[in-house]
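Please look through the sequence and the 3D structure shown here. The paragraphs after them take up one part of the chain at a time.

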Amino acid sequence: MQSTPLLTARGLTKRFGATKALTDVDFDIHAGERVAIMGENGAGKSTLMKLIAGVYTPDAGSLTLGGDAYAPATPTDAIRAGVSTVYQEPSGFSHLTVLENLFMGRQTTRALGWLDKKSMGREAGELLARLQLPTRLLKRRMGDLSLADQQQVLIARAVANEARVLILDEPTSILTDTESERLFQLVDQLSAAGTAVCYITHRFDELERVADRFVVLRDGQNSGETDDPDREGLLRMMGSVSSVTVGADGGLVAAEDAVPSAIAEGEGGTEGEGGVLTGSGVADAAAATSAPVLVVDALSSEGIFRDISFAVRPGQITGLYGLVGAGRSELALAICGELPIDAGTIAFQGKPYRPHSSRTALEQGIAYLPEDRKTQGIFPHLSVGDNLSAAALRGVSRAGFVSTAGERDLVATWMDRLSIKAETPASPITSLSGGNQQKVLLARLMATNPQLLILDEPTRGIDVGTKREIHRRIRELAATGIAVLLISSEMAELLELSDTVHVLHEGRLTWSAVGSEITETAILRAATGAAA
Ligand SMILES: Nc1ncnc2c1ncn2[C@@H]1O[C@H](COP(=O)(O)OP(=O)(O)OP(=O)(O)O)[C@@H](O)[C@H]1O
C-alpha cells in the first residue's frame, strides 16, 4: 500500500446536544483501498462518514483529501471534490427518472450548463451496461424502483461523478447473495481503478469479500483496526463479545446460549445437514396443520405479481425469498392494503379480508414492518417512546385513557430487550442511529401482540449482537401462536428461522418447501428461475 493516504481524518469530534457521537477519531484511506467501518449500533460509523461526506461539519478535527485541506460544507461540496456516498436508505430524487438522477449535479457543472438528451441517454446506457444494470431502467421514475434498484442507480451515479472516495452504507442489507456478489464485483472494479471504498457493514459473512482493512469504532472513539478479518478479534474491538461469540463452524452465535433457545427448549427446531436450521417448530404437528391465519388465493397485482397462493399458519414462521424485483416486498404491501390487488382473494382468520391500509390492517391484527422505514415506518416528529408505544397504546390504556405508567413500562421493557441506545425515551427518534431506529420499529410491532406479523428485512442495519436477540424474539412470538411472514434477503436468517419457505421468481410463486426440504441450493435454484 502506498504511504500517502488519499483521505485523512485527524481528531474528529462531533456532538449532538449532550450526545458525544464522535470523540477524537482518526481515519485514513488510500486510493484503491477497501476499508470496512465496523461497530455496534450507535458506535459513530454514520457520523464519521457524514463528516467526510459534508453532511455534518466537525466540532473539532480536520480532514485532507489528496494531500490538501478538505472541509466540505455541504454534500455537494464533497461530491465535487470526489467524495460520493450511497446511504442505507437510498436518497435519490424520487419524482425524476433514473436518467435524470444519473446526471443530477453534473448538468450544472458542465460549461454549457446542459447536456443534450441523446448523449445523456447514450452515456447513461453505457454506464448501466458496464454495471450490468438493465438499460430499460433509464426511463423509469426513481420512486417506482425497489430500494435495491435505487441503490444501484445511486452507485452508478457515483461512478458517473468519477468518485475518488465512495462511501457505501450497508449496501448489501437489502440485497440477496447473488445481487450482493454483483455489487462486490462492482466494488472490486472501482477499487482496481483507484477509488477508495469505505464500506459500513454489520455482516460478518461478507468481511473477507469486501474489505482489505477493518476499522472499528466503539462509543464514538477509535477502538482498533486490523487487516485480519478474525471474527473474535473484531467482536472484541466492537465490545460485542458479551452478546455474541464465534461458533465451532466459524459462524456467530449468541454468547449465553450457543444453541438457540427455541431448539434447546425442544420447541421443534432441528439442525440439519449443510447448515439447515429451522426455527419455531416445524416438528410441531399441531402448528403445521392448524387452520391458517392468512390464506392468499390467486392474488395478482398488474405487472408486479401474478396468481400467488399460499397460507400462513399460527405458530409458524413462513419465509418469502426472491431476487430483487421478484415481488416479495410488493406482495407484503398488497396484503397490508398498500398496493392495489387486481385479482384473487385474501382470507384472514377464516374470513374474507379486504385490506385498505397498513393502519387498518394493524387494527385487525396484522402488524407490518416495511422495507423502507424512512417513508413508511417511523414518525419523524415523535420521540423514541411515542414511536415505540404508538401502536400498542390500546394495550396499556383503560377505558380509552392512556396509562402513562403502563406506557412507561412498555417503553422501558422494549428498550431494554432490544438494547435500544437512546439518551432518554423522550429523545427525538431522528436522533437515533439507523440501527436503533429499526429496533424501535420492531419493538413497536412486537409489542402489539398481533395475530400475523409481517417482517420485511427485520434485521437490516442491526448489529450482530442485537440480531441474535431479535431472532430469539421472533421465535418466541411464533411459539406463542403468532403467525410470522418473514421476508429476508439474508439466506442464513431465512434458513435459521423459517418453518416453510416460498420463493418468488419474476412475480410468480415458483417453489415452496417445508422443514428439511428447505436448503440453500434449492432456494437459489428457484429464485433464479431454474426450478420454475
Ligand atoms: N442527528 C442526530 N442528533 C442527535 N444525535 C445523533 C444524531 N445522529 C447521530 N446521533 C447519535 O450519535 C451516536 C452515533 O450515531 P451513528 O448514527 O453515527 O451510529 P452508527 O454507528 O452509524 O449506528 P448504526 O449501526 O445504528 O447505523 C448515537 O448515539 C446517535 O444517537
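**A walk through the predicted model**

Between the two strands of the hairpin formed by β25 and β26 lie two residues, and Glu 506 in this hairpin has a positive phi near 45°. Strand β25 covers residues 500-505 and strand β26 covers residues 508-514. The two strands pair in the antiparallel sense, over six bridges. One of the residues to look for is His 502, whose bridge partner in β26 is Ser 512.

Glu 170 is not a glycine, yet its phi is positive, at about 45°. Glu 170 sits in the loop between β7 (165-169) and α6 (177-192). Is Glu 170 buried or exposed? Its relative accessibility is 6%, and the cut-off for buried is under 20%, so Glu 170 counts as buried. Gln 349 is not a glycine either, and has a positive phi of about 50°. Gln 349 lies in the loop between β18 (343-348) and β19 (351-352). With a relative accessibility of 41%, Gln 349 counts as partly exposed.

Strands of a sheet pair through backbone hydrogen bonds, either parallel or antiparallel. Here four strands form an open sheet in the order β16-β15-β18-β19, and the pairing is antiparallel. Which strands are at the edges? They are β16 (305-312) and β19, each of which pairs on one side only. Further in, strand β15 (residues 294-301) is joined to β18 by five bridges, and the two run antiparallel. Leu 294 stands opposite Phe 348 in β18.

Tyr 368 has Ile 454 in β23 as its bridge partner. β23 also pairs in the parallel sense with strand β24 (residues 483-487), over five bridges. Here Leu 452 has Ala 483 in β24 as its bridge partner.

How many residues of β23 are buried? Five of the five are, so the strand is largely enclosed by the rest of the structure. In a regular strand the side chains alternate between the two faces of the sheet. Both faces of β23 are covered: Leu 452, Ile 454 and Asp 456 are buried on one side, and Leu 453 and Leu 455 are buried on the other. For Leu 453 the relative accessible area is 0%, and this residue is therefore buried. The C-alpha atoms of Leu 453 and Val 484 are separated by 4.8 Å, although the residues are 31 apart along the chain.

Other pairs give other separations. Arg 209, in helix α7 (residues 207-210), is partly exposed, with 27% relative accessibility. Its C-alpha atom and that of Leu 494, 285 residues apart along the chain, are separated by 21 Å. Glu 476 belongs to helix α17 (residues 464-479). Glu 476 has a relative accessible area of 34%, and is partly exposed. The C-alpha atoms of Glu 476 and Tyr 353 are separated by 27 Å, with 123 residues as their distance along the chain.

The last stop is the ligand. Which residues are closest to the ligand? Among the 19 residues that surround it, the closest are Ser 46, Thr 47, Ser 431, Ser 433 and Gly 435. This shell divides into five nonpolar, 12 polar and two charged residues. Domain 1 (7-238) and domain 3 (380-446) each give at least three residues to the shell.

Backbone atoms of the protein also come up to oxygen atoms of the ligand. For Gly 42, a backbone N or O atom lies 2.8 Å from a ligand oxygen. For Ala 43, the distance from a polar backbone atom to a ligand oxygen is 3.1 Å. For Gly 435, a backbone N or O atom is 2.7 Å from an oxygen atom of the ligand. Taken alone, the ligand exposes 640 Å², and the protein buries 87% of that.

Methods:
Residues numbered from 1 in each chain as written. Predicted model: local features only at pLDDT ≥ 70, side-chain atom pairs only at ≥ 80, totals over all residues. Heavy atoms only, no water. Near = heavy atom within 4 Å. Polar contact = N/O pair within 3.5 Å; in protein donor to acceptor, adjacent residues only side chain to side chain. Areas by Shrake-Rupley, 256 points an atom, 1.4 Å probe, with all protein chains shown as cover. Nonpolar A, V, L, I, M, F, W, Y, C, P; charged D, E, K, R; others polar. Domains from an automatic or database assignment. Buried < 20%, exposed > 50% of the residue type's maximum accessible area, 1.4 Å probe, protein only. Pairing = 2+ DSSP bridges.
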